[in-house]
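Please look through the structure below with the backbone and side chains displayed. The paragraphs that follow go from single residues to the whole chain.

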Amino acid sequence: MRTKHVNVLIALAAFVLFSFSCFCISRMTQTSNQLINCRNHILEFKEKILRLKNKTERNRQELINALSKMKYEMTQRENTSTDLVEKKMNTLGKGETVSNNTFEVLKFFFPHLRKVGRIYPDVIIGKEKTGVSFALGISTVSRGNQSYLKQTLNSVVSRMTLSEEKDSVVIVSVADRNEDYLKSVVDMITKRFKRQLKSGSLEVISIPAFFYPNMLHVKQSTEDSGKLESWRIKQVLDFCFLMLYAQPKAMYYLQLEDDIIAKKMYFTKITDFVHNITSNNWFYIEFSILGFIGKLFKSEDLTDFVRFFLMFYKDKPIDLLLGDIFQVKMCNPGETSEKCAERNKQIRIRYKPSLFQHVGIQSSFPGREQYSKVISMYFQRFWLYLGLLFISINAEFMDDGGEMEDFDENSEEIDVNEGELSSEIKYKTPQPIGEVYFTETFDSGRLAGWVLSKAKKDDTDEEISIYDGRWEIEELKENRIPGDRGLVLKSRAKHHAISATLAKPFIFADKPLIVQYEVNFQDGIDCGGAYIKLLADTDVLNLENFYDKTSYTIMFGPDKCGEDYKLHFIFRHKHPKTGVFEEKHAKPPDVDLKKFFTDRKTHLYTLVMNPDDTFEVLIDQIVVNQGSLLEDVVPPINPPKEIEDPSDKKPDEWDERAKIPDLSAVKPEDWDESEPPQIEDLSAVKPDGWLDDEPKFIPDPNAEKPDDWNEDMDGEWEAPRISNPACQIGCGEWTPPMIDNPKYKGVWRPPMIDNPNYQVITHFFQFHSKV
């Protein structure tokens, strides 16, 4: 029995121990799970701490950068004025506002900007001046080691009067993300244009990087390389951003570039011209024919222009888009091109002469020069010879690589010396790029490779028939740049001719022919030419016998006699049936050529003949003539397919009136034709101090009768009359000023209605009676 109790006790003890073990094992399992969970929470927390630390470090770096830039900007503010406003922002905060934020239009064209708050320039230096008459916009980018911005600003701001400066604002837009260039622009402007910055008449902005779309995905719309295409597209966007920024500031907006020189009194001439325009129905005014330079817009129209530019910014340069907008908005469907062109002339006004001169050599596109003194000659299947044939004197081929208008004048309107303008342009002999068949700069000072003519002119007296004119290589007389030389005619009243061979033959198949050279009539010219002839290599050709009747293929260049100014483009064409060579003359350029002969400046003449049988003639890189080699020459190579029937005539019943008076219309009963256009302002009151009995002019009390005055011969002497100093407010009989008559309607005429019998001529043969 005792043993049984012991066994029971042992069994009970074993059960208790087993239960306790199970409980301990369960608790240990729970504790282990809790420890694992705790460890996971600790690891997760540690990871969050590390992420927070990294984010804090990034914020710290950004804060350091921001503080550095703020420190730089504060330094600039201390150097200029305590009133100078300096801001650094990507977008405006919720609490800030900008009236008339014109940049909202950008979000329609660029979806990536819809996530941005208010779009605004990164950097603003100035006083954000508004309410003026004129805003002048200058977009600038880095051009490597060359910069023309300082010369441009010098001429633009120095040639304003103080009152003109007060009524305008010049905006420099830095469209380059190169921080060094931005800093150099800010440093230059804050040091040299302190007064303009302080008065608010000069501002500097920087276009934010987030504004631009991803240009790597831009569709290639021309044959330009990818870099050139992106550069051109960015240029359009740069102008659009600047125009939108300037729009709420002024009544008018003038577009300039960072490599131009303004002429004397340019601002006064612009203001007077705008104020004297009788009609307000104009789109823009051209104060320069160069590209997008010198174009004046009404600010209220800028948004419409920008919308159009942004619709096609990937397709064309902005100066071509500016021409396209007229075709879209002004030309009606079915309308003849002549009527459309005539309407464009009325709303697209051109001021003459140009008020801005382009001086930049180094293009804003890296590695490209805008004025290249390269003479490239091309033609089909011929060895060619370049002949310079002059029948007169005083012409000079010079490089245009830095010529500027004379700026030697004293100005009290700016804190800089304008005499420094030309000294900062250094000449470098241009190096041709691409495949070139002939180039000559004359900078070596030698005529190596050139052949002087020893010919005699036919049908001329022996003494003056010889081509014995003397040539020299010299620098320009005026506006010279050391090292820049040209070929100069030194003999007066002599015949000059000189020629050289091309380096290799050229096959005119898929490449254009380009002839380009420069001319400066530095001493003027009375009667003569400065043109180039391309001579075919024939068996009888001897360059020493080169003269005016030597057989040529192409003749191109300026020519003058008396008041007859010409720019020749002539080529000789062999008739396919008769085999006879005929001269084909291009139509005269649609431009006033006189100034190119008389202004004594260097001008660049360019001829381009394309494989598609088209040609272009340019002066200073501006197209002055273009057309078809087959049709736009006289006589044309291809005769017209159709001609007017000389035996036909217009029918007697043909009515050419598009509209006729409405004979059923009746003059309204309240129409009073006797009302005058203007009436006296009955509310006007004569000003206090008005002197009714005082004359407006009185004899000059300080005038004295001349000693040699003879009253018998000269009559009784009377002192000259001057304005009466007592008439500061007014003298004489006072009359109220005239105002527009609200009742004036003028002579009543019946309204015009469509002519039911109107017939329009749509074809030369519409009158043709033979069916």
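Glu128 has a relative accessibility of 22%, so this residue counts as partly exposed; the cut-off for buried is under 20%. In this predicted model, Glu128 sits in the loop that runs between β4 (123–126) and β5 (132–140). The backbone of Glu128 has a phi near 50 degrees, a positive value in a residue that is not glycine. Most residues other than glycine have a negative phi, and most peptide bonds are trans.

Asp620 also has a positive phi, of about 55 degrees, although Asp620 is not a glycine. The loop in question lies between β27 (614–619) and β28 (622–628). Is Asp620 buried or exposed? With a relative accessible area of 13%, Asp620 is buried, because buried means under 20%.

The next backbone feature is the cis peptide bond. Pro353 is in the loop between β12 (348–350) and β13 (356–358). Another cis peptide bond joins Val634 and Pro635, and there omega is about -10 degrees. Pro635 belongs to the loop between β29 (633–634) and β30 (659–661).

Lys352 leads on to Ile289. The two residues are 63 positions apart in sequence, and their C-alpha atoms are 9.3 Å apart in space. Ile289 is placed in the loop between β10 (284–286) and β11 (295–298). Its relative accessibility is 29%, so Ile289 counts as partly exposed. Which residues does Ile289 touch, not counting those up to four places away in sequence? They are Lys295, Arg350, Ser354 and Ile622.

Now turn to a pair of helices. Two packed helices are described by the angle between their axes and the distance between the axes. Helix α9 (residues 302–311) packs with helix α10 (residues 318–330) at an angle of about 110 degrees, and the axes are 10 Å apart. That angle makes α9 roughly perpendicular to α10, because angles of 65 to 115 degrees count as roughly perpendicular. On the α9 side, the contact is made by Phe305, Phe308 and Phe309; on the α10 side, by Ile318, Leu321, Leu322, Asp324, Ile325 and Val328. Sorted by class, the contact of α9 with α10 has eight nonpolar residues, no polar residues and one charged residue.

The cysteines come next. How many disulfides does the structure hold? It holds one, formed by Cys727 and Cys731, with their sulfur atoms 1.7 Å apart. A disulfide is a covalent bond between the sulfur atoms of two cysteines. The torsion about the S-S bond of Cys727 and Cys731 is about -105 degrees, so the disulfide is left-handed. Cys727 and Cys731 are both buried. Elsewhere in the chain, Cys240 has a relative accessibility of 0% and therefore counts as buried.

Last comes the protein as a whole. It has 15 helices and 35 strands. Of its 771 residues, 42% count as buried. The protein exposes about 44500 Å², and carbon and sulfur atoms supply 53% of that area. Among contacts with a separation of 6 or more, residues 24 or more positions apart account for 74%.

Conventions
Residues numbered from 1 in each chain as written. Predicted model: local features only at pLDDT ≥ 70, side-chain atom pairs only at ≥ 80, totals over all residues. Heavy atoms only, no water. Disulfide = S-S within 2.5 Å. Buried < 20%, exposed > 50% of the residue type's maximum accessible area, 1.4 Å probe, protein only. Axes fitted to C-alpha atoms, helices over the stretch in contact; angles between N-to-C directions. Helix = DSSP H or I, 4+ residues; strand = E, 2+ residues; numbered from the N terminus. Parallel < 35°, antiparallel > 145°, perpendicular 65-115°, else oblique. Contact = heavy atoms within 4.5 Å. Nonpolar A, V, L, I, M, F, W, Y, C, P; charged D, E, K, R; others polar. Areas by Shrake-Rupley, 256 points an atom, 1.4 Å probe, with all protein chains shown as cover.
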